[in-house]
Amino acid sequence: MKIGMVGLGRMGGNMTERIRAHGHEVVGYDAFATTRDVPSLEELVAALPSPRVVWLMIPAGRPTEDTITALALLLQSGDIVVDGGNSYFGDSIRRGTTLAQKGVGFIDAGTSGGIWGLENGYCLMVGGDAGHVATLQPIFDALAPEGGFVHSGPLGAGHFTKMVHNGIEYGIMEAFAEGYELLRASELGIDVPNSLAAWRYGSVVRSWLLELLVGELKDDPNLDKLRGYADDSGEGRWTVNEALRLAVPMPVITASLYRRFESRQDDSVAMKVIAALRNAFGGHAVKPE
């Protein structure tokens with residue numbers, strides 16, 4: 001296949017490389033990158049064969065809204081837009097419905113894998129029409145490892161599933177952070193880094209996030225280089241809001257979101273773990289001490 005990729009940052013750039021490694025062609029555009037293949041959206045669309053596929057890996061909100069609005073004027077019936085960013089699922093339903101009036105397809109693709117996706121592949125949770133998904137299947141197969149792709153449901157289902165995924169991520173990271181802090185606070189002189197490292201083998205809490213935490217502690221066992229401050233990308237808030245709307249009790253995920261708010265008030269030891277993990281798996285910015 002030959003597709004267009006809008007957004008060539010740490011996610012879009014690596015995804016482009018992985019797609020090309022699997023034998024497909026990608027025309028890349030990024031308003032802020034010097035490595036782009038074309039200088040404008042117009043030229044990107046012109047460079048693609050019909051029916052065109054344009055994949056977006058840009059920040060949620062206004063950047064995505066403006067880009068889809070511009071593409072609606074450039075694309076034709078039968079073309080497909082894929083939003084692989086962390087957009088709000090309600091926005092995806094609205095955007096897909098609007099594009100459908102012009103005959104343009106829309107797929108909301110929740111994408112997980114962070115900066116390690118180039119090597120390990122990306123978990124893809126997609127929503128949209130089955131026919132549109134089938135058209136993109138060769139690209140999904142190139143990006144996802146075996147078992148890492150799911151057609152979650154209709155329009156909006158992909159980003160809703162990714163939203164819940166990120167809420168769970170909040171809770172798991174918070175649990176590791178609290179455990180780390182308690183181990184450090186003990187008067188027993190516990191070897192915290194190696195104790196956590198042992199959990200990677202045979203333990204019921206072994207996971208990729210644990211692997212990343214152990215890796216971060218190798219060079220900075222007390223996380224002295226980090227400030228205990230962690231942003232939230234918005235998906236945790238959306239998850240909690242949906243839980244309130246649907247009357248689904250979510251005390252762990254809600255509490256983990258509030259802990260991030262707390263991190264902005266005090267320099268928390270536990271939040272240093274959150275900051276370290278977010279940097280390790282997603283390349284998110286950290287605030288040095």
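Predicted model: local features only at pLDDT ≥ 70, side-chain atom pairs only at ≥ 80, totals over all residues.
Trainee: What does Ser92 touch?

Mentor: A contact is a pair of residues with heavy atoms within 4.5 Å. Leaving aside residues up to four places away in sequence, Ser92 touches Asp83, Ser87, Phe106, Asp108, Leu155 and His159. Ser92 itself sits in helix α4, residues 89-100. The C-alpha atoms of Ser92 and Ser152 are 14 Å apart, although 60 residues separate the two along the chain.

Trainee: How many helices and strands does the chain have?

Mentor: They are DSSP runs numbered from the N terminus: helices are H or I with at least four residues, strands are E with at least two. Here you get twelve helices and seven strands. The radius of gyration, taken over C-alpha atoms, can be set against a globule rule of 2.2 Å times the number of residues to the power 0.38. For this chain it is 20 Å, close to the 19 Å the rule gives for 289 residues, so the chain is as compact as a globular protein of that length. Of those 289 residues, 49% count as buried. Also, 68% of the contacts with a separation of 6 or more join residues 24 or more positions apart.

Trainee: Which residues of α12 are buried?

Mentor: They are Ala270, Met271, Lys272, Val273, Ile274, Ala275, Ala276, Leu277, Arg278, Ala280, Phe281 and Gly282. That makes twelve of the 14 residues of α12, so this helix is largely enclosed by the rest of the structure. Its buried residues pack against α7 (157-185), α9 (208-219) and α11 (251-263). Just after α12, Gly283 takes a positive phi of about 70°.

Trainee: And in α1, which residues are buried?

Mentor: In α1 (residues 12-21), the buried ones are Gly12, Asn14, Met15, Thr16, Arg18 and Ile19. Their cover includes β1 (2-6), β2 (25-29), β3, β5 (105-112), α5 (117-120) and α6 (130-143).

Trainee: What about phi in Leu223?

Mentor: Most residues other than glycine have a negative phi, and most peptide bonds are trans. Leu223 is not a glycine, yet its phi is positive, about 55°. Look for Leu223 in the loop between α9 and α10 (235-246); Leu223 is buried, at 1% relative accessible area. Ala247 also has a positive phi, near 55°. You'll find Ala247 in the loop between α10 and α11, and at 67% relative accessibility Ala247 counts as exposed.

Trainee: Where is a peptide bond cis?

Mentor: Check the one from Ser50 to Pro51, which is cis, with omega near 0°. Pro51 lies in the loop between α2 (41-46) and β3 (53-56).

Notes
Residues numbered from 1 in each chain as written. Heavy atoms only, no water. Buried < 20%, exposed > 50% of the residue type's maximum accessible area, 1.4 Å probe, protein only.
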